[in-house]
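Subject: Structure handover and notes

Dear colleague,

I am passing on the structure we spoke about, together with my notes on it. Please read the notes with the coordinates open beside you.

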Amino acid sequence: MQTRERIESLLLILDDGNLLSLRKITTMNISGCWTYNEDFEYGNSVGEVELTQNGDEVNGVFWFTEAVENNYSIQVAEKVKGTITDGKLLLESVEVKAIQNGREISYLPNTFEVHRITETQIIGSTFDSEDVCGVFVLRRKA
């Protein structure tokens, strides 16, 4: 099964089998703090996200710990930016720093593709230049 097909299958499962539709988000402001959970091909990531929306422009920072199948973990800070276009949002990495065992390491930047947004939840997928893909859920913090 192709990587994109696996992601779409996972997204359908997350939505109880209903087809996902991206809600128009130009009237909804996604600024704020969110929890971050992602499952990807080799493990999972858990952390927080802070997003700032100004009109159609979105900037933010993802802070998370990536755990690779009980093998190792990496602390990551990734700045992103994107533009809401036709009700869709693609957040691209503009800067990434990663620490493993107290040392800075190289880390492939992610692209975050948003598939569904509500007032309290954002669901999407990630991919990097080596086609490592994942599915993430952001939940608005109270």
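Predicted model: local features only at pLDDT ≥ 70, side-chain atom pairs only at ≥ 80, totals over all residues.

Residues are numbered from 1 along each chain as its sequence is written, and side-chain values use heavy atoms, with hydrogens and water left out.

**Overall fold**

The protein holds one helix and nine strands, where helices (H or I, at least four residues) and strands (E, at least two) are DSSP runs numbered from the N terminus. Along the sequence these elements follow the pattern α-β-β-β-β-β-β-β-β-β. Of the 142 residues, 37% are buried; here buried means under 20% relative accessible area, exposed means over 50%, and partly exposed lies in between, with a 1.4 Å probe and protein chains only. The accessible surface comes to about 8300 Å², and carbon and sulfur atoms account for 46% of that area; the areas come from the Shrake-Rupley method with a 1.4 Å probe, and for residues only the protein chains shown count as cover. Among contacts (heavy atoms within 4.5 Å) between residues at least 6 apart in sequence, 45% join residues at least 24 apart.

**The nonpolar core**

In soluble globular proteins, nonpolar side chains tend to be buried together. A nonpolar core is taken here as a set of buried Ala, Val, Leu, Ile, Met, Phe, Trp, Tyr and Cys residues joined through side-chain atoms within 4.5 Å. The largest such core has 23 residues, and the members that touch the most others are Ile30, Tyr36, Leu51, Phe62, Leu91, Ile122 and Leu138. At least two residues of this core come from each of β1 (32–40), β2 (43–54), β3 (57–68), β4 (72–85), β5 (88–100), β7 (111–117) and β9 (133–140), and β4 gives the most, with four residues. Once residues up to four places away in sequence are set aside, Ile122 touches Ile30, Trp34, Leu51, Val114, Arg116, Ile117, Phe136, Val137 and Leu138.

Gln53, in strand β2, is also buried, with a relative accessible area of 10%.

**Aromatic rings**

Rings of Phe, Tyr and Trp (its six-membered ring) are paired if their centres lie within 6.5 Å, and a pair is called stacked when the planes are under 30 degrees apart, edge-to-face when they are over 60, and tilted for the rest. By this rule there are six aromatic pairs. One of them is the tilted pair of Tyr36 and Phe64, with 5.3 Å centre to centre and 50° between the planes; this pair links distant parts of the chain, Tyr36 in strand β1 and Phe64 in strand β3, 28 residues apart. Tyr36 is buried at 1% relative accessibility, and Phe64 is buried at 3%. Another pair, Phe62 with Phe112, is stacked, at 4.0 Å centre to centre and 15° between the planes, and joins strand β3 to strand β7 across 50 residues. Phe62 and Phe112 are both buried. Tyr36, Phe62, Phe64, Phe112 and Phe136 form one aromatic cluster.

**Loops and cysteines**

Asn101, which is not a glycine, has a positive phi of about 50°; Asn101 lies in the loop between β5 and β6 (103–105) and is exposed, at 72% relative accessibility. Asp131, also a residue other than glycine, has a positive phi near 60°; Asp131 sits in the loop between β8 (121–127) and β9 and is exposed at 51%.

Val132 is found in the loop between β8 and β9, but counts as buried at 18% relative accessibility. Leaving aside neighbours within four places in sequence, Val132 is in contact with Phe40, Glu41, Tyr42, Thr126 and Phe127.

The structure holds zero disulfides, a disulfide being a pair of cysteine sulfur atoms within 2.5 Å. Cys33 is partly exposed, at 40% relative accessibility, whereas Cys133 is buried, at 9%.

With best regards
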